[in-house]
Amino acid sequence: MKAINRPFTEIINGNRQFIIPVFQRDFSWARDQCEQLWRDVKRASAGGADSGHFMGSIVYVGADLSSAFQSWLLIDGQQRLTSLTVLMIALRDHIQSTLWSGGDDSPTAEKIDAYYLKNVYESGKRQYKLLLRRRDNATLRALIDGERPSELGKGYSELLVEAYELFRSALQESGCDLEDVYRGIARLSVVDVTLERGVDNPQLVFESMNSTGVDLRQSDLIRNYLLMGLDESEQTQLYDDYWSKIETLFRSSGNAFDGFLRDYMALEQRRTQQIRLDRVYDEFKSFRNHDSEAPLKVLFADMARVARTYASFLGIAPMQRPWLADAMSQMRSLNTTQGLLVMRLYDCHEKGLLSQDEFIRAIGLIESYLLRRAVLGLQTRGYWSVFARIAHDLNPESVFESLQVALARLRGNIRFPSDEEFRRGLQDHDLYGLRVCKHILDRLENAGYREPSPVHNYSIEHIMPQDIAQATEWQDMLGENWSENHEAWLHRLGNLTLTAYNSTYSNRPFEEKKTVEGGFRHSAVRLNEDVRDQAQWTIAEIQVRGNRLATRALNIWPHHEADAESIQTADIRDLRERAAERNTSALEMNDAVRRMLDGILSSVRGLADVIEVVERKSVSCYGPDFFVELMPMRRSVRVILPLQFSEVEIPEGVTAYDASTWKFVVNRVHTDSDLIVEVWDEAKVERVIPIIRQAFDHSR
């Protein structure tokens, strides 16, 4: 590697050409970066004759050095080099349009063309000193050749044209001295870094030097990492056949490409912990190193296949399966952390393991899980890991059924809410303040109908108005406790609907809201069918309507409907896998305590086919449901049972505690176990066995 500090003009001048490899990103400098370049040029011009302005690095490696014409692949510095080229084009065109002329050392259109834009004695592609990627290159060539980029149609680069117009405008400003501009450009210096092919690692150099300009995304770094070490022909083929198609899918979607790469790796490596987006590149290098023998073409082809499904899930690409579009759209509007699970379902469908009907139902179950939890205000933190675990646990032999079971086995803070919980949440909670309120009303209006109402742009309407402080008709209708009733029932499901006449309804009396133009009696909205014929609108009517809508909601967002036997089978499988990971020798305790623990376990094993799972500080026993946790202490074994203190007869000589009054129990795994028995003496082990047997019988 050779690194020399030299003026920019010396690098670009001569019979040479710089090529932006296909793996590099498109031109991305916007107004801010171009304005900064213009300020740098003016600052350099204002300095002394031996002054300059350092701009960063230009890193390149030889592509074709076999003749007098030198061709170089640009590894780093393309944004700077491209912007300076555009500035030179603008300066040339300004000179031509104004017929400006100066002294012998002054810039001319011919000099700029010959020194910085074209190799005047070459033809074809060789005549241009800089070759960009695809539409960028077509736009730059048009600018160099004096053509109008807009004539390229939709294929031109807007950022390149904006940069050109910005520089033209700056050159036309009053007081702009072209001699100063030309001098300033000549004083811009860069670190000229030439790499030796086959000796230097371009990717490592690129990583260490890419610290200025517009930050690269993780997907940019991964693209460069995968393609940079290949021959130009192989780079171009892999890029054109696969990577460019993936880039097109995610072109206008922010960090979605990085998110896809993260989820793709997680799916392949069965990860359940989410990688930070700023760590995707580093993790991808490790991911690729683990499977470095697999041909890049195979990896690219698979990534392109999965990317299409991921982009359609996000709604940034056409849905490949139109019959899935509605279900996918409804689910996606609630959350997008389930992308990894959706990719897995797509893969199963493509392999014939998941039917069309099952795929639609699977997406509906995910929506139901998200919606039910949103209504109840349950935590959303950790959703990515939840869906990742489900994706990895799907059984290829029964994909949909295993999805049902996986959702059923989510417990505690990540549980799938029951029908009873969901109904209660719909009827009793204030829904108006929830983000999902409009989603609920839209679906209640249209789900299952072939002729949907156009309510997407309608607004939420309170049948009983939000402000009735001056509305005596409403106060009289609600009765003596109108204020309390209004506050308690205003935002509940039974009082909410959709309308395009929100401002018309306002806080009018109920009879007027029915009969006014666009009122409930004239409304085509199905949600208003049970409102239009009511004589009054009180708490009783709100309750009845809320109950009816909640019943309909239970059909739209169904329960997982997994059967108990399948759930138990999956629970036992996982318990046995956990039991095989460790044994009691992993727990620290003295010999006396170990003898007590072994004695208790020996008796417990005689109860049935007990599964013993060694936790961090204890042993949990299942048969198959949990019935006792045994925790070695310094001088005793703590027996923790899911029984109430009042329902157990404590044998003489046994110490027992009611832990329901304790704030916490250190190292306890099963927090819903409130009876604690301490065994201090090996001779008293047999006295605690009847209590454990009672807990075992209680669990079955």
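**Reading a pocket and a helix pair**

Me: In the largest pocket, α26 supplies the largest share of the lining, twelve residues. What is a pocket, and what counts as lining?

Reply: Picture a 1 Å grid over the protein atoms alone: a pocket is an open set of points where a 1.4 Å probe fits, with protein on both sides within 12 Å along at least five of seven lines, and lining residues have an atom within 4 Å of a point. Helices are DSSP runs (H or I, at least four residues), numbered from the N terminus. This model is predicted, so local features need pLDDT of at least 70 and side-chain atom pairs 80 or more, while totals for chains, interfaces and linings use all residues. Residues count from 1 along each chain as its sequence is written, and side-chain values use heavy atoms, without hydrogens or water.

Me: Which residues lie nearest the centre of the largest pocket?

Reply: Arg-409, Arg-411, Ala-570, Asp-571 and Asp-574, out of 42 lining residues. Elements giving two or more residues are α17 (383–393), α18 (399–408) and α26 (564–579).

Me: How do I read two packed helices?

Reply: Use the angle between their axes and the distance between the axes. Axes are lines fitted to C-alpha atoms over the stretch in contact, with angles from 0 to 180 degrees between N-to-C directions. Here the axes of α19 (419–428) and α25 (539–556) come within 9 Å and cross at roughly 140°.

Me: Which residues of α19 meet α25?

Reply: Asp-419, Phe-422, Arg-423, Leu-426 and Gln-427. Their partners in α25 include Gly-546 and Leu-554, with contact meaning heavy atoms within 4.5 Å.
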